[in-house]
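Good morning, and thank you for coming.

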Amino acid sequence: MMLLALRNLVSEKTRFAFSAAGIGFAVFLITVLIGLYQGWNQKVGGFVEDVRTDLWVAREGTTDFINAASILPEDIGQDVAARDGVAATHPLIVRPMQFDKGDKRVELHLIGYDTGSGTGGPVRITKGKAEPGAGEIIIDDVLSKTSGVGVGDVLSSGDASFTVVGIASGGNFAFTQAGFMDIETASDLLSMDGLVTFWLVGLDDGADATAIGQDIMGAHQGSTVFTSAEFASATRHRILDNVVPIIGLIVGLAFIVGIAVTSLTIYTATVEKTREFGIMKAVGFNNRDLYRLVLIQSFITGIVGFVVGVALTLVLSQFIDQLVAQFIVYVRPIDIALVLVSTMVMAGAAAIVPARRVGAVDPAVAFKG
């Protein structure tokens, strides 16, 4: 039955290629969108997870790291540092900012951090200095590539100018990228004397993070406390929940297109081979045998399309983020397995209409001239 199915498919190479390409395109689109979601999921909350801290203290109502509308007084840090179980506290300033490089605008997510401890600073330095000083800034490598800003360039904001002294990785949040300054420099730039965005709290080994967080919120009305895992998750949900319905809709449309293209081509081939199917019925093939033949043909087409679509996705994912910073495709083996199952469902659904056509074939057509 397998050989017969293959022979039927390759007898019309152009039609088979068209059908496989249709499923391949659908698989490609589905895999890219799933990979895009996974890439965004990894990047959006990844920086928060990389920061070496246990708790994030923020203003009550703060939803995430990217849209950080939090403002806290500096004296909270001193009070928190004195509490049992707290090993260290570090201030952090986070604000979306726009700088100028000549007549070019450069938008980034400014992070002012304590350079003494390094907590909240660049994840990995790839070029230049590891710590920014007064009047200096380190930018993310993706921002450097997309904006054309490199070490030695000067970014200005109002009357203040900052020299780019380093390039770092790990600060790409998909929709924006980080720039790092010494917290004093950032405070002066933003006129935030005595104020910070977050307090980062490191705990002693074995300390109860939940209890300490509740204690901090009880002592400082108007504040809220997240663990690093909670804050990373909240950031992901805040940013990605708005795009998931769009991704889901496009995946659904791609699935429907794959079914439609495959069903149409196999149905056309079935109609053209009506006499051959009539002969098969006349010599003893029953409807179940013919249904299985059509289904095998559809599955073969689906597998070929799956291989083509996944191969294109894997090739694309190697370089596309270098061209478009927001297009971060991260393909996991489990996602490929999920797409394979979806492709087989797609192929099975595509075989329904052609199979019904085969079942309706009258063996008498085999004897018509």
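**Surface patches and salt bridges**

Glutamate 184 lies in helix H5, which covers residues 183-190; helices (H or I, at least four residues) and strands (E, at least two) are DSSP runs, numbered from the N terminus. Please note that this is a predicted model, in which local features need pLDDT of at least 70 and side-chain atom pairs count only at pLDDT 80 or more, while totals for chains, interfaces and linings use all residues. Residues are numbered from 1 along each chain as its sequence is written, and side-chain values use heavy atoms, with hydrogens and water left out.

Glu184 belongs to a negative surface patch, together with Glu74, Asp75, Asp188 and Asp193. Patches consist of residues with over 30% relative accessible area and no salt bridge; like charges are joined within 9 Å, and nonpolar side chains (Val, Leu, Ile, Met, Phe, Trp, Tyr) within 5 Å. Asp and Glu count as negative, Lys and Arg as positive, and His and the chain ends are not counted. The place of a charge is taken as NZ of Lys, CZ of Arg, CG of Asp or CD of Glu.

There is also a nonpolar surface patch of about 470 Å², made by Ile246, Leu249, Ile250, Leu253 and Ile256. Accessible areas come from the Shrake-Rupley method with a 1.4 Å probe, and for residues only the protein chains shown count as cover. Isoleucine 256 lies in helix H8 (residues 244-272). Why does isoleucine 256 count as exposed? Its relative accessibility is 52%, and exposed means over 50%, buried under 20%, and partly exposed in between.

I now turn to the charged pairs. Side chains of opposite charge can pair when their charged atoms come close. A salt bridge is a side-chain nitrogen of Lys or Arg within 4 Å of a carboxyl oxygen of Asp or Glu. How many salt bridges does a search of the whole structure find? The search finds 7.

In one of them, arginine 236 pairs with glutamate 49, with the closest N and O atoms 3.1 Å apart. This pair links distant parts of the chain, since arginine 236 is in helix H7 (residues 228-240) and glutamate 49 in helix H2 (residues 13-50), 187 residues apart. Arginine 236 counts as buried because its relative accessibility is 15%, whereas glutamate 49, at 46%, counts as partly exposed.

Another salt bridge joins lysine 129 to glutamate 136, the closest N and O atoms being 2.8 Å apart.

Technical notes. Buried < 20%, exposed > 50% of the residue type's maximum accessible area, 1.4 Å probe, protein only.
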